[in-house]
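User: Hey, can you walk me through the packing inside this protein? I'd like to start with the aromatic rings.

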Amino acid sequence: MKILILEDEKTLAESVAEYLMDSGYEVTLTNNSEEALNSIYEVCYDLLLLDVHVNGKMNGFELLEKLRTLEIKVPAIFITSLNNIEDLTHGYDSGCCDYIRKPFDLTELKLRVEHVIKTHCFASLENIIELTFGYVYDTKKMQLSLNSEVITLGKTETKILELLIKNRGSVVTYEMFWEEVWGEWIDPTNIRVQVGSLRKKLENNFIKNARGVGYSIDL
């Protein structure tokens, strides 16, 4: 799981980055909003941790507003010393999922990160995702349905589907399945078996095979 941290307090930024990396996350650290924007264009992040007052032409609020205007819906948490209701409102209006005030305990931050990634991995702006052949996925309920009928999926099948949806339009490689579904290397045959099990539950199969590489679904 990849996290971008935009924070201008060097000591805090390094402490947060080290803690999250020790927790198993892949972290990119910057103190400049333009550098953050360029990195977001190049890397598919799972979460953004944004300070408000940072180096660059944009502050954290403006950066997130720009991302949302560009339909980039990666989840975001503001980490800031701002604490009045106007700033809190501005943060949520910008499109963030959560807001944590400095100073904070690193354990609390980790809990918030885990919650946002689990419940808002497609961003809170998009709860219902329409797929091909009339399928619909509800990201809050974690349910796939066709013609309003819910399709029962196992835990691993659901994780596979969510990863494919999150990266729809691109190929999800075996390495990505290892990292984000299983958290460790497993035999690619096991991945193919699980994808095959998922496909059997679909009246119309929308999962495409990229032979020897992985799988994908269309936008």
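Predicted model: local features only at pLDDT ≥ 70, side-chain atom pairs only at ≥ 80, totals over all residues.

User: How many aromatic pairs are there?

Analyst: The count comes to six aromatic pairs. Rings of Phe, Tyr and Trp (its six-membered ring) pair if their centres lie within 6.5 Å; planes under 30 degrees apart are stacked, over 60 edge-to-face, and the rest tilted. Residues are numbered from 1 along each chain as its sequence is written, and side-chain values use heavy atoms, with hydrogens and water left out.

User: OK. What kind of pair do Y135 and F206 form?

Analyst: An edge-to-face one, 5.1 Å centre to centre with 65 degrees between the planes. Y135 sits in strand β7 and F206 in the loop between α8 and β11 (208-210), 71 residues apart. Helices (H or I, at least four residues) and strands (E, at least two) are DSSP runs, numbered from the N terminus.

User: Is F206 buried or exposed?

Analyst: F206 is buried, with a relative accessible area of 5%, and Y135 is buried at 0%. Buried means under 20% relative accessible area, exposed over 50%, partly exposed in between (1.4 Å probe, protein chains only).

User: And what about F177 and Y215?

Analyst: Their ring centres are 6.3 Å apart and the planes are at 70 degrees, so that pair is edge-to-face. F177 lies in helix α7 and Y215 in strand β12 (residues 214-216), so the pair ties together parts 38 residues apart in sequence. Both F177 and Y215 are buried.

User: Switching to the core, which residues have the most contacts inside the largest one?

Analyst: L131, L144, F177 and I207, in a nonpolar core of 27 residues. Such a core is a set of buried Ala, Val, Leu, Ile, Met, Phe, Trp, Tyr and Cys residues joined through side-chain atoms within 4.5 Å. Elements giving two or more residues to this core include α7 (174-182) and α8 (188-200), and α6 gives the most, with five.

User: Which residues does I207 touch?

Analyst: Leaving out residues up to four places away in sequence, I207 touches L164, V195, L198, R199, L202, Y215, S216 and I217. Contact means heavy atoms within 4.5 Å.

User: Last one: where do α6 and α8 meet?

Analyst: T156, E157, I160 and L161 in α6 meet Q194, V195, S197 and L198 in α8.
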